[in-house]
Amino acid sequence: MDISQAWRRGSRRYARPLADQDELKKAAAEKALELVRDGMLLGLGSGSTVRYFTEGVGRLVAGGMRLRGVPTSRATAELAATHGIPVVEDLVGSIDLAVDGADEVDGDLRLIKGRGGALFREKLVAAAAKRFVVVVDESKLVKRLGVGVLPVEVLPFLWRTTAGRLTALGASLTVRGGEEAPFITDNGNLILDLQFEGGVDGAERLGKDLNDTLGVVEHGLFVGMTDTCIVAGADGPRVIGGSVSRSG
Ligand code: 5RP
């Protein structure tokens with residue numbers, strides 16, 4: 001699906017145009033709150049956009065809704081606890097609805113995630129969800145993935161040998177945080193930020209190659225996982241791929 005076409009189809013004019021990026025993030029996240037129903041187990045994503053969703057879930061809980069959340073990072077677990085959301089970390093069965101942000105979204109709703117460093121748990125939660133909804137402002141839309149870096153979580157043990165395998169796939173890379181004081185994920189691993197000149201050529205194939213690379217824990221390509229994307233632009237949030245309705 002071409003995202004710009006979907007925008008035109010789904011366009012609803014807002015009385016007052018949204019402008020500020022933070023306002024756009026909030027508008028996308030608040031639209032996703034319309035999907036929440038009493039009794040749901042929710043996947044709670046990480047980052048500055050989905051933070052508004054988690055805060056909104058907190059308001060629903062305070063209003064009497066019975067909701068629980070599976071957080072995708074320690075930061076989100078703390079945020080959820082602060083807002084009175086019961087946290088589940090040992091899952092039996094599936095998550096009803098997972099909502100998360102993204103760093104890049106292409107026209108087929110393929111994503112790059114993980115610039116906040118939480119990609120592994122984010123992917124586990126998305127994969128465990130009956131419905132995975134992505135909330136973004138329009139700055140995240142790209143024609144081709146790989147405008148920015150593709151984060152890959154790797155084991156610290158012999159990480160340079162893993163990095164060598166990754167550069168053999170055609171990427172240049174940097175260690176997140178630098179080699180002196182690297183960023184450590186919630187899982188105790190490193191993030192290598194991969195850059196592909198001209199962008200990612202064949203996201204599905206690359207995803208498989210990364211999964212097959214010894215030393216890689218998980219990568220930030222999310223292919224075939226997104227059910228719905230809520231994109232907020234100046235005219236308000238547009239829903240791509242599946243409806244959002246209060247009654248449905
Ligand atoms: C964290 C992520 C985030 O979802 C992604 O970085 C988007 O964050 P933000 O909403 O702050 O732009 O993948 O690992």
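Reply: Happy to! The shell around the ligand holds three nonpolar, nine polar and five charged residues (Ala, Val, Leu, Ile, Met, Phe, Trp, Tyr, Cys and Pro count as nonpolar, Asp, Glu, Lys and Arg as charged, the others, Gly among them, as polar). That makes 17 residues surrounding the ligand, with Gly 47, Ser 48, Thr 49, Gly 101 and Gly 116 the closest (C-beta atom, placed from the backbone, within 6 Å).

This is a predicted model, in which local features need pLDDT of at least 70, side-chain atom pairs count only at pLDDT 80 or more, and totals for chains, interfaces and linings use all residues. Numbering runs from 1 along each chain as its sequence is written. The protein chain averages a pLDDT of 92, and 91% of the residues score at least 70 (the predictor's confidence in each residue, 0 to 100). Residues 6-14, however, stay under 50. Where pLDDT is low, predicted coordinates should not be read in detail.

Turning to a contact elsewhere, Lys 25, Lys 26, Ala 29, Glu 30, Ala 32 and Leu 33 of H2 meet Val 50, Tyr 52, Phe 53 and Gly 56 of H3 (C-beta atoms, placed from the backbone, within 7 Å; helices are DSSP runs of H or I, at least four residues, numbered from the N terminus). By class, this contact has six nonpolar, one polar and three charged residues.

Notes: Contact = placed C-beta atoms within 7 Å. Helix = DSSP H or I, 4+ residues; strand = E, 2+ residues; numbered from the N terminus.
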